[in-house]
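User: I am new to this structure and would like a short tour. Please keep the answers brisk.

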Amino acid sequence: MRLRAWHYSLPPLAMMRVVSGALIRDGYVLMGLRKSTTLRPNLWELPGGKVDAGEEPRDALAREWREECGCVILVGEFISMAMLQVDISFVIELYEVKLGALSVDPQSLDHQELRWVNPLYAVRSMPCSPAFYLHYQHLRQHIDRSWSPSACDVVSDSGCTYEDCPRCHPLARPVRALHEVW
Ligand SMILES: [Zn+2]
């Protein structure tokens with residue numbers, strides 16, 4: 001009993017470091033639906049996971065994508081860092097990732113499914129992991145800064161004539177199936 005009381009009087013020191021990756025294609029981002037049997041089930045997230053002890057965050061991210069999506073990624077620009085308190089403290093770093101030249105396309109090895117999702121649609125209309133909402137603004141800015149749709153000729157407030165443009169018509173085509181032809 002004494003040991004137990006002592007245990008509970010400790011301040012919450014536990015902190016878990018997590019990395020997530022944003023694979024971006026034509027303004028859409030790859031999201032995975034967490035399994036119904038996991039912690040925080042049935043939420044959409046950017047694939048990634050826990051950084052193991054002694055592991056570099058970028059190495060952890062590459063490992064997690066290999067395990068969860070079966071693909072080889074290159075870890076690019078740091079996008080955002082979020083902190084979250086759910087039982088313990090989580091620090092979640094978000095990086096842009098790109099598929100390696102010889103990699104297969106992502107496969108849902110550890111999710112119910114994978115989808116290409118318009119990020120704005122995700123925050124408005126899909127149940128997402130808490131970290132996704134925290135990362136959203138920086139992700140949005142990153143996409144707007146680093147990507148311009150080839151067909152976008154936006155000159156007015158009403159947007160361009162490219163009806164699939166997620167920048168000008170953000171909710172026009174919110175979700176694409178993983179294997180849909182672009
Ligand atoms: Zn446009």
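User: How do strand 1 and strand 6 run, parallel or antiparallel?
Analyst: This is a predicted model, and the pairing is read from it. Strand 1 and strand 6 are joined by 9 bridges. One of the pairs is R17 with V91. The two strands run parallel.

User: How many bridges join strand 5 to strand 6?
Analyst: Here the strands run antiparallel. A82 has I92 as its bridge partner in strand 6, and F78 has Y95. The number of bridges between strand 5 and strand 6 is 11.

User: Which residue takes a positive phi in the hairpin of strand 5 and strand 6?
Analyst: The hairpin leaves 1 residue between the strands. The phi in question is near 70°, and the residue is D87.

User: Among contacts between residues at least 6 apart in sequence, what share joins residues at least 24 apart?
Analyst: The chain has 182 residues, and 30% of them are buried. For the contacts you ask about, the share joining residues at least 24 apart is 64%.

User: Which elements are included in what covers the buried residues of helix 2?
Analyst: Helix 2 spans residues 57-69 and reaches 17 Å from its first C-alpha to its last, close to the 18 Å expected. Its buried residues are A60, L61, A62, E64, W65, E68 and C69. Their cover includes strand 1, strand 4, strand 5 and strand 6.

User: Which residue with a positive phi follows helix 2?
Analyst: Helix 2 has 13 residues and covers 57-69. The residue that follows has a phi near 65°, and it is G70.

User: What does W65 touch, leaving out residues up to four places away in sequence?
Analyst: W65 is buried in helix 2. W65 is also among the residues with the most contacts inside the largest nonpolar core. Beyond its sequence neighbours, W65 touches G21, P47, C71, I73 and V97.

User: How many residues does the largest nonpolar core have?
Analyst: In soluble globular proteins, nonpolar side chains tend to be buried together. In this chain, A22, V29, M31, L61, W65, L94 and V97 have the most contacts inside the largest nonpolar core. At least two residues each come from strand 1, strand 2, helix 2, strand 5, strand 6, strand 7 and helix 4. The core's residue count is 33.

User: How far is V75 from D59 in space?
Analyst: V75 and D59 are 16 residues apart in sequence. Among the contacts of V75 are R58, L61 and A62. From C-alpha to C-alpha, V75 and D59 are separated by 8.5 Å.

User: Why does the end-to-end distance of helix 4 agree with its length?
Analyst: Helix 4 covers residues 130-146, which is 17 residues. At 1.5 Å a residue, helix 4 should span 24 Å. The distance agrees because the end C-alpha atoms of helix 4 are apart by 25 Å.

User: Is D26 exposed or partly exposed?
Analyst: D26 sits in the loop between strand 1 and strand 2. D26 is not a glycine, yet its phi is positive, about 50°. With 14 other C-beta atoms within 10 Å, D26 is partly exposed.

User: And is R40 buried or exposed?
Analyst: R40 lies in the loop between strand 2 and strand 3. R40 also has a positive phi, about 45°, without being a glycine. R40 has 11, so R40 is exposed.

Terms used
Residues are numbered from 1 along each chain as its sequence is written. This is a predicted model: local features need pLDDT of at least 70, side-chain atom pairs count only at pLDDT 80 or more; totals for chains, interfaces and linings use all residues. Helices (H or I, at least four residues) and strands (E, at least two) are DSSP runs, numbered from the N terminus. A residue is buried if 20 or more other C-beta atoms lie within 10 Å of its own, exposed if 12 or fewer, and partly exposed in between; C-beta atoms are placed from the backbone. Two residues are in contact if their C-beta atoms, placed from the backbone, lie within 7 Å. The expected span of a helix is 1.5 Å times one less than its number of residues. Two strands pair if DSSP finds at least two bridges between them. A nonpolar core is a set of buried Ala, Val, Leu, Ile, Met, Phe, Trp, Tyr and Cys residues joined through C-beta atoms within 7 Å.
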